[in-house]
Amino acid sequence: MFKAKVNVTLRPSILDPKGKAAHHALQNLGLTNIEGVRIGKFIEIDVQASNEEEARGIVESACSKLLANEVMEDFEIQFES
Amino acid sequence: MNAEVKFLWHKETDVSGLDMIIVPGGFSYGDYLRSGAIARFSPIMQELIGYAKRGGPVMGICNGFQIVLEAGLIPGAMRHNEQLKFICKDVHIRVESTQSMYTSSLHKGQVLTIPVSHGEGNYYIDNDGLKELQDNDQVLFRYVNAHGETTPEANINGSVDHIAGITNKQKNVLGMMPHPERAMEQLLGKEDGKQLFESILQALAVA
């Protein structure tokens with residue numbers, strides 16, 4: 001079994017209201033060195049496959065079909081070694 | 001309104017004999033992942049996509065709009081409202097085009113007062129996509145103030161180009177965030193939404 005770790009993030013050009021709100025709150029906490037916050041999703045996926053390449057194909061398909069909306073989001077897949 | 005309505009369960013797969021399909025608002029699958037993202041794969045949606053592609057009229061309201069977007073029937077996507085608040089109030093929307101079955105009996109520039117109730121209604125599309133929407137006259141409604149002006153404050157959720165409702169290129173699929181079905185009776189406060197359904201019925205009767 002393969003364990004995939006997926007990060008889904010909003011494209012840089014897309015406004016992120018949640019990140020903006022968190023950034024604002026951090027500023028209020030005095031963490032004024034923080035210059036920007038972007039919030040995405042972290043997803044762990046267990047896949048049954050015979051090799052990593054096959055597993056990656058399955059996870060990529062999961063991401064582009066459902067887990068990420070490619071109109072405004074990017075995804076990045078990593079496998080636990 | 002003297003129209004017969006058939007309720008379709010999400011597991012149904014028969015959409016035959018319908019003059020149009022309305023995908024209503026709500027919070028399908030708890031809005032998990034993204035609004036509409038999971039509902040888009042329910043059994044009825046596969047039939048609905050085929051129905052829409054054959055030219056059948058489909059109207060998505062609120063969560064219904066999010067679902068037809070996720071299904072790729074209309075271009076673009078929904079972000080969280082700019083100010084991160086769930087917005088539940090009456091808003092003003094301006095009729096931008098009467099070149100559709102949904103608005104053919106309305107007047108261009110007409111301002112309707114219709115309630116909204118959503119947390120993710122901040123419409124997004126890239127610049128090329130927006131230009132295409134504008135060039136094809138696909139924007140049917142924009143958020144405006146009471147005087148019909150697109151002031152920054154009138155854009156309640158931060159949508160690109162004040163967009164409140166758009167169609168696909170063929171104009172048989174409409175998605176809109178405001179709820180016209182909640183403005184149907186003066187006795188209950190407002191009835192501007194009725195004009196939209198009257199326009200639809202009239203267009204369907206002619207067709």
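Predicted model: local features only at pLDDT ≥ 70, side-chain atom pairs only at ≥ 80, totals over all residues.
Visitor: How many residues of chain B are in contact with chain A?
Guide: There are 16 residues of chain B in contact with 15 residues of chain A. Contact means heavy atoms within 4.5 Å.

Visitor: And what area is buried between them?
Guide: About 1300 Å², with carbon and sulfur atoms giving 70% of that. Buried area is the accessible area (1.4 Å probe) that two parts lose on being put together, summed over both.

Visitor: Which residue forms a salt bridge with A:E73?
Guide: B:R34 does, and the closest N and O atoms are 3.6 Å apart. The count between chain B and chain A is one salt bridge. The term stands for a side-chain nitrogen of Lys or Arg within 4 Å of a carboxyl oxygen of Asp or Glu.

Visitor: Which elements of chain B give two or more residues to the side that touches chain A?
Guide: β3 (77-79) and β6 (122-124) of chain B. β3(B) gives the most, with three residues. Helices (H or I, at least four residues) and strands (E, at least two) are DSSP runs, numbered from the N terminus.

Visitor: How does that side divide by class?
Guide: The side of chain B that touches chain A has eight nonpolar, four polar and four charged residues. Ala, Val, Leu, Ile, Met, Phe, Trp, Tyr, Cys and Pro count as nonpolar, Asp, Glu, Lys and Arg as charged, and the others, Gly among them, as polar.

Visitor: New topic. What volume has the largest pocket?
Guide: About 1300 Å³. On a 1 Å grid over the protein atoms alone, a pocket is an open set of points with protein on both sides within 12 Å along at least five of seven lines, a cavity is a set of points where a 1.4 Å probe fits but cannot get out, and lining residues have an atom within 4 Å of a point.

Visitor: Which residues are closest to the centre of that pocket?
Guide: Of the 38 residues lining the largest pocket, the closest to its centre are B:V5, B:K6, B:I21, B:I22 and B:V23. α4(B) gives the largest share of the lining, four residues. By class, the lining has 25 nonpolar, nine polar and four charged residues.

Visitor: How much space lies in the second largest pocket?
Guide: About 350 Å³. It has 20 lining residues, and A:L10, A:K18, A:K41, A:E73 and B:H80 are the closest to its centre. A:E73 is also the partner of B:R34 in the salt bridge. The lining of this second largest pocket divides into eight nonpolar, four polar and eight charged residues.

Visitor: What about the largest cavity, how much space lies there?
Guide: About 80 Å³. The structure holds one cavity of 30 Å³ or more. Residues from both chains line the largest cavity, among them A:N69, A:M72, B:R34 and B:E120.

Visitor: Which element gives the most to that lining?
Guide: α2(B), with three residues.

Technical notes
Residues numbered from 1 in each chain as written. Chains lettered and ligands numbered in written order. Heavy atoms only, no water. Points joined across faces, edges and corners; volume = space filled by probe spheres on them.
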